[in-house]
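Please examine the sequence and the model shown below before reading further. The paragraphs that follow proceed from the overall fold to individual residues.

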Amino acid sequence: MSTATLNMPPSRAIDSAKQTSEAALADASAAMKNVAENPKQATQSFLHTPFVRAALPFINGGLAGMTATTVIQPVDMVKVRLQLAGEGVKTGPKPTPVSVFKDIVSSGKVLDLYTGLSAGLLRQAVYTTARIGFFDTFMKSLSASAETKGQEIGFKERAGAGLAAGGLAAVVGNPADLALIRMQSDGLKPLAQRANYTSVIDALVRISKAEGVTRLWAGCYPTVVRAMALNFGQLAFFSEAKNQLKSTSLSPNTQTLTASAVAGFFASFFSLPFDFVKTRLQKQTRTADGSLPYKGMFDCFKQVARDEGLLRFYRGFGTYYVRIAPHAMVTLVVAEYLGFITK
C-alpha cells in the first residue's frame with residue numbers, strides 16, 4: 001500500500017481499496033471471459049510465456065520417458081535378471097530371455113514383470129525430464145550461437161550436448177535408479193532375506209535408514225558414464241540420423257522411426273558394459289563382516305573380466321537392445337509429438 005493511501009482518511013482509504021479490488025475483479029473476469037470465448041488463443045498465449053517455453057522441454061521429456069517406461073518395463077525386468085544370473089562364476093548358468101521370462105511368470109504372477117514400475121516412473125520423471133530438457137536447452141543455445149556466426153551445428157556439438165545432458169541427469173536420477181535395481185533383484189534372494197519393498201518410497205526410506213543416505217548414490221560413477229554413453233548413442237545419433245535422412249524421400253514419421261532405431265542400436269552398444277557394472281554395484285549389499293563384493297566401478301570391471309570373461313559385459317545384448325530401442329523410439333516420438341502440439 002502506498003504512503004498516499006496510508007495518509008488518506010479512513011473512508012477514502014476504504015473507497016480506494018474497493019475501487020482497486022473491483023478493478024482487479026473486472027480484469028480477472030475479462031481474462032476468464034476471453035479464455036471461455038477463445039480457449040485456443042489463451043492456451044497459445046500461456047504456452048508462449050518465457051517460463052513455460054523454458055520448462056516445456058523438461059516437461060515433455062519427462063512425460064515421454066514415463067510413457068516409454070510403462071511400455072518397456074517387463075523387458076527391463078528380464079534384462080536385470082539376465083545381468084545378475086551366474087554372478088562371480090565364469091561357467092555359471094546361461095539363461096535366455098525366454099527362460100528368465102518363464103521363471104518370473106511361473107514363480108508368481110504376470111504382474112511380477114512390472115515389479116519396480118513405481119521406481120522406474122520416478123526415475124523417468126527425474127532422469128529423462130532432466131536429460132531431454134538439458135539436451136534441448138543445450139541444442140537451442142548451440143543453434144543460436146551457430147546462426148549468429150553463419151554456421152550450422154555438427155555432430156561434434158550434438159555429441160557434446162548429449163554427453164553433458166546425460167551426465168547431469170544421471171546424478172539427479174541415481175537414487176530412483178538404485179531403488180529400481182533393488183526392487184527388481186529382490187526376487188532373486190532367498191525368501192528369508194528379501195526386503196519385499198512395497199513401493200519406491202518404501203525402498204528409498206528403508207535403504208536410507210539401514211545403509212545411510214549416501215548409499216542412494218551407490219554406483220553413481222558408472223551410472224553417469226553409462227548415461228553419457230547412452231545419451232551419446234541415443235540423442236546425438238538420433239539428431240545426426242534425422243539430419244542425414246532429410247534429403248531422402250522418406251516421410252517425416254518414417255524418418256523419425258528410422259532415426260530412433262539407429263539411435264537405439266548405438267545407445268545399446270556404447271552403454272551396455274557400463275549398465276552391466278551399474279546393475280552389479282547397485283544390487284550389492286554389505287555382507288556379515290560389513291564388506292562389499294565390489295569396491296567400485298574399476299574393481300567390478302576387473303573381477304567380472306577375470307572371473308566371468310569379457311563377453312559377460314555384453315550378455316543379454318539382444319534383450320538390452322529390445323529394451324533400449326523401443327524405449328528410445330517411444331520416448332523420442334512422444335517427445336517430438338508433444339513438442340509439435342506445444343509449439
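Helices (H or I, at least four residues) and strands (E, at least two) are DSSP runs, numbered from the N terminus. By this definition the protein chain has 12 helices and 0 strands, and its elements, read from the N terminus, follow the order α-α-α-α-α-α-α-α-α-α-α-α. This is a predicted model, in which local features need pLDDT of at least 70 and side-chain atom pairs count only at pLDDT 80 or more, whereas totals for chains, interfaces and linings use all residues. Residues are numbered from 1 along each chain as its sequence is written, and side-chain values use heavy atoms, with hydrogens and water left out.

A residue is called buried under 20% relative accessible area, exposed over 50%, and partly exposed in between (1.4 Å probe, protein chains only). Of the 343 residues in the protein chain, 43% are buried. A contact means heavy atoms within 4.5 Å. Among contacts between residues at least 6 apart in sequence, 78% join residues at least 24 apart.

Apart from neighbours within four places in sequence, Ser260 is in contact with Phe238, Ala328, Met329 and Leu332.

A pair of aromatic rings is described by the distance of the centres and the angle of the planes. Rings of Phe, Tyr and Trp (its six-membered ring) pair if their centres lie within 6.5 Å; planes under 30 degrees apart count as stacked, over 60 as edge-to-face and the rest as tilted. The whole structure contains 19 aromatic pairs. In one of them, the ring centres of Phe276 and Phe313 are 5.6 Å apart and the planes stand at 75°, so the pair is edge-to-face. Because Phe276 lies in helix α10 and Phe313 in the loop between α11 (297-307) and α12 (317-341), the pair ties together parts that are 37 residues apart in sequence. Phe276 is buried because its relative accessibility is 0%, and Phe313 also counts as buried, at 6%. Ring pairs also link a cluster whose members include Phe155, Phe232, Tyr314 and Tyr321.

Which residues does UniProt list for "transmembrane region"? The unreviewed entry gives residues 320-340; UniProt positions are in the numbering used here, feature names are shortened, and annotations may be inferred rather than shown by experiment. In the model, this span is 100% helix and 0% strand, with its end C-alpha atoms 30 Å apart.
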